[in-house]
Amino acid sequence: MSAAEGPLGQDSPLWRDVPLWQRVLGEVRSSLARTFGSFDEPGMSVDYSDLLTQLAVSGLVLLLFWLVYALLSWLLSAFGRRFGALRELLAPLRTGLRYVTALFATLAVLEGFGVSGTLLGNLGVAALLAFGFYLAWLLLNRLLSRTLRPRGFDRSLEQLVRNVLTVFVVVFGLVTVLGQFGIQLLSIITTLGVVGIAVGFAAQDTLSNFISGITLLLERPFRIGDWVTLGTRTGRVERITLRTTRLVTRDNVIVSLPNAKVASDEIVNLTAAGRLRVGVPVGVAYRSSARSAREAMLRVAAAHPQVLAEPPPQVLMRELADSSVNLELLYWLAPEDIARQPGVSAALLEGVKEALDEAGIEIPFP
């Protein structure tokens, strides 16, 4: 007996109480039975001519929809080239066109295999609801960008709002779409409460990273674009998600650190206060003049284009060591040059070596 016959036929009140996913399975079974014969009969026969005909028709339908998609996609690209204001909308519009085309092609193929119009309508509604939530998420994201950025909102806070919005839209959309299939997600979560506790214990690292990510985004010990040292890693903060913090090192290597580790380790922010002071240690011999060495080192610092003139560089005596008089050249870098700090220090150190050699000042060794 097919799903459309007998006491559970589609005209029966009982059929309306059957969850949508069960109706989908029933319709597919009925369609396969009409094509291949009854699966319950031992001598079932297959009408290969009808099967091949239906497959050929389905292939033509898919080809037709693909041609329509290709034509509309070309028209979108042409409009984007003609009207520059539409270029940023091309990607989401093309994604939506691809989704709608695939949806209607699938429904057309299912209708060809005998799936009822009522069921196809329910499937279409569920798919369009999912697409509607995607469009809502896309529009809200663009609205947030145009509302928060002109008002000076920090990018890390903007990202926190985006993450919360994404979680809300996904959860609400999932509950709504699954409800079309007769699946009550909230009742399932309540029923599987014990299993959820067990999963929570198994995913405690993920939950710890999630909570730490929210803490980092709220407390803001660093912002996107800052140069920081997190544990043993130094780099520019590229992104802060609810699970990881992503750094780009000076070697252009991307490092993703778990938020729980970031929150528990020492955080050194190199750019939060603006300009950065850097020290270059240099040792000179005891018989050399410290004043002459200081003058030579300051000349080298003043000649470097990345060293700030204000505050001025300094040379301080740090230690009377066993074999040398240890001096330190202190200079300041602008925030935009902090990424180049190792190169600037190396250039200064090389320049100091040449200047001390020219002045006859010895750099001793033990």
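1. **Ground rules.** This is a predicted model, in which local features need pLDDT of at least 70 and side-chain atom pairs count only at pLDDT 80 or more, while totals for chains, interfaces and linings use all residues. Residues are numbered from 1 along each chain as its sequence is written, and side-chain values use heavy atoms, with hydrogens and water left out.

2. **Confidence.** Begin with pLDDT, the predictor's confidence in each residue, on a scale from 0 to 100. The protein chain has an average pLDDT of 76, and 68% of the residues score at least 70. Confidence is highest in strand 8, at 94, and lowest in helix 1 (residues 13–16), at a mean of 49. Helices (H or I, at least four residues) and strands (E, at least two) are DSSP runs, numbered from the N terminus.

3. **Stretches to read with care.** Residues 38–44 have a pLDDT under 50, and the model gives them nine contacts beyond four places in sequence. Here, and in the notes below, contact means heavy atoms within 4.5 Å.

4. **Salt bridges: the count.** How many salt bridges are there? The count comes to five. A salt bridge is a side-chain nitrogen of Lys or Arg within 4 Å of a carboxyl oxygen of Asp or Glu. One of them joins Lys261 and Asp265, whose closest N and O atoms are 3.2 Å apart. Lys261 is partly exposed, with a relative accessible area of 45%, and Asp265 is also partly exposed, at 30%. For these words, buried means under 20% relative accessible area, exposed over 50%, and partly exposed in between (1.4 Å probe, protein chains only).

5. **A bridge across 75 residues.** Arg287 and Glu362 meet through their side chains in a salt bridge of 2.2 Å, N to O. This pair links distant parts of the chain, 75 residues apart: Arg287 is in the loop between strand 6 (276–284) and helix 11 (290–303), and Glu362 is in the segment after helix 12 (341–358). Arg287 counts as exposed, at 72% relative accessibility, whereas Glu362 is partly exposed at 30%.

6. Another salt bridge brings together the side chains of Glu328 and Arg318, at 2.6 Å from N to O. Is Glu328 buried or exposed? Glu328 is buried, with a relative accessible area of 18%, while Arg318 is partly exposed at 46%.

7. **Thr229.** Look for Thr229 in strand 1 (residues 227–230). Thr229 is buried, at 18% relative accessible area. Its side chain makes a polar contact of 2.9 Å with the side chain of Thr234. A polar contact is a pair of N or O atoms within 3.5 Å; within protein, one must be able to donate a hydrogen and the other to accept it, and residues adjacent in sequence count only if both atoms are side-chain atoms. Setting aside residues up to four places away in sequence, Thr229 touches Thr234, Glu266, Ile267, Val268 and Leu270.

8. **Thr245.** Strand 3 (residues 244–248) holds Thr245, which is buried with a relative accessible area of 0%. Which side chain does Thr245 join in a polar contact of 2.8 Å? The partner is Asn259. Beyond neighbours within four places in sequence, the contacts of Thr245 include Leu216, Phe222, Val255 and Val262.

9. **Rings.** Searching the whole structure gives zero aromatic pairs; the rule asks for rings of Phe, Tyr and Trp (its six-membered ring) with centres within 6.5 Å, where planes under 30 degrees apart count as stacked, over 60 as edge-to-face and the rest as tilted. Still, Arg275 lies over the face of Trp332, at 5.5 Å from the ring centre. A charge sits over a ring if NZ of Lys or CZ of Arg is within 6 Å of the ring centre and within 35 degrees of the ring normal.

10. **Gly274.** Finally, visit the loop between strand 5 (267–269) and strand 6, where Gly274 lies. Gly274 counts as buried at 19% relative accessibility. Its C-alpha atom is separated by 7.1 Å from that of Ala334, 60 residues apart along the chain. Gly274 also touches Pro335 and Ile338, not counting residues up to four places away in sequence.
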